[in-house]
Amino acid sequence: SIALHDYQRPLMTIPHDSSEFTEYHQILLRSFRAIAGFDRVMIYRFQEDWSGEVIAEMTAPGIGSYLGLRFPASDIPAIARNLYLINPSRMIPDAHARPVPVLSLESSPPDMTWSDLRSVSPAHLQYLTNMGVGASFSVPVRVAGKLWALVACHHLQPLVLSPEQRNACVALAGTYAMGVTSHIASRRLQMIDSLERRVDHVLEALSDYADPLDGIGTNHAALLEIMG
């Protein structure tokens, strides 16, 4: 039995600065490795253009690192990203397993959107083979209704997770997502507060001049900094 609350508790402390945020990623990855036992666990962060970057990683010894690497948007195409918005996880227990045909009583193929057993595109299986991956598991991290990142797990050999293991990882990713949301909101408020303080400082300085244009000329560096 997985003591889920023991893993969730550290994720309930909201990170305030960048160093705490970096450690926050590691807390999640340690929990995933402890529960599921994958050789590599990564946080794959999406950028504005849907390219991806590995911003955190935890691995078994001697298997190399993807930390800091960037990947094009085509690495995880739109159709796959849309599935991650509606599915809690995606598991490939054996990347070398032979696909099994699915038969339908209807003329159109059955909708496998919600199936955990659906197969994987040959291109993605080749991709995993090229990386030496025997099994993979990924859980979406959704922030403000959008796909913010994936927790991507790789294992060198085939690996089957129990429903309890999968559900625990999905729950942890949800707790982590709430912490990320709070962190982003807190940083935004800090930025707005800092900006307001700097504006007030400049306005106070301008009030000392009979002609505001003279004050703007003198305080131009502070104004340029505020405008970025």
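## Close-up views of a predicted model

**View 1. Asp-116 and Arg-166 form a salt bridge, their closest N and O atoms being 3.2 Å apart.** Asp-116 lies in the loop between β4 (90-92) and α4 (122-130), whereas Arg-166 belongs to helix α5 (residues 163-206), so the pair ties together parts that are 50 residues apart in sequence. A salt bridge here is a side-chain nitrogen of Lys or Arg within 4 Å of a carboxyl oxygen of Asp or Glu, and helices (H or I, at least four residues) and strands (E, at least two) are DSSP runs numbered from the N terminus. Asp-116 counts as partly exposed at 47% relative accessibility, whereas Arg-166, at 16%, counts as buried; buried means under 20% relative accessible area, exposed over 50%, and partly exposed in between, with a 1.4 Å probe and protein chains only.

The model is predicted, so local features need pLDDT of at least 70 and side-chain atom pairs count only at pLDDT 80 or more, while totals for chains, interfaces and linings use all residues. Residues are numbered from 1 along each chain as its sequence is written, and side-chain values use heavy atoms, with hydrogens and water left out.

**View 2. The largest cavity has Asp-116 and Arg-166 in its lining.** A cavity is a set of points, on a 1 Å grid over the protein atoms alone, where a 1.4 Å probe fits but cannot get out, and lining residues have an atom within 4 Å of a point. About 50 Å³ of space lies in this cavity, the volume being the space filled by probe spheres set on the points, which are joined across faces, edges and corners. The lining divides into one nonpolar, three polar and four charged residues, where Ala, Val, Leu, Ile, Met, Phe, Trp, Tyr, Cys and Pro count as nonpolar, Asp, Glu, Lys and Arg as charged, and the others, Gly among them, as polar.

**View 3. Glu-23 and Arg-30 meet through their side chains in a salt bridge of 2.7 Å, N to O.** Glu-23 counts as partly exposed at 37% relative accessibility, and Arg-30 also counts as partly exposed, at 41%.

**View 4. Arg-9 forms a salt bridge with Asp-6, and the closest N and O atoms are 3.4 Å apart.** Arg-9 counts as partly exposed, with 45% relative accessibility, and Asp-6 is likewise partly exposed, with 46%. A search of the whole structure finds four salt bridges, among them the pair of Arg-9 and Asp-6.

Conventions: On a 1 Å grid over the protein atoms alone, a cavity is a set of points where a 1.4 Å probe fits but cannot get out, and a pocket is an open set with protein on both sides within 12 Å along at least five of seven lines; lining residues have an atom within 4 Å of a point.
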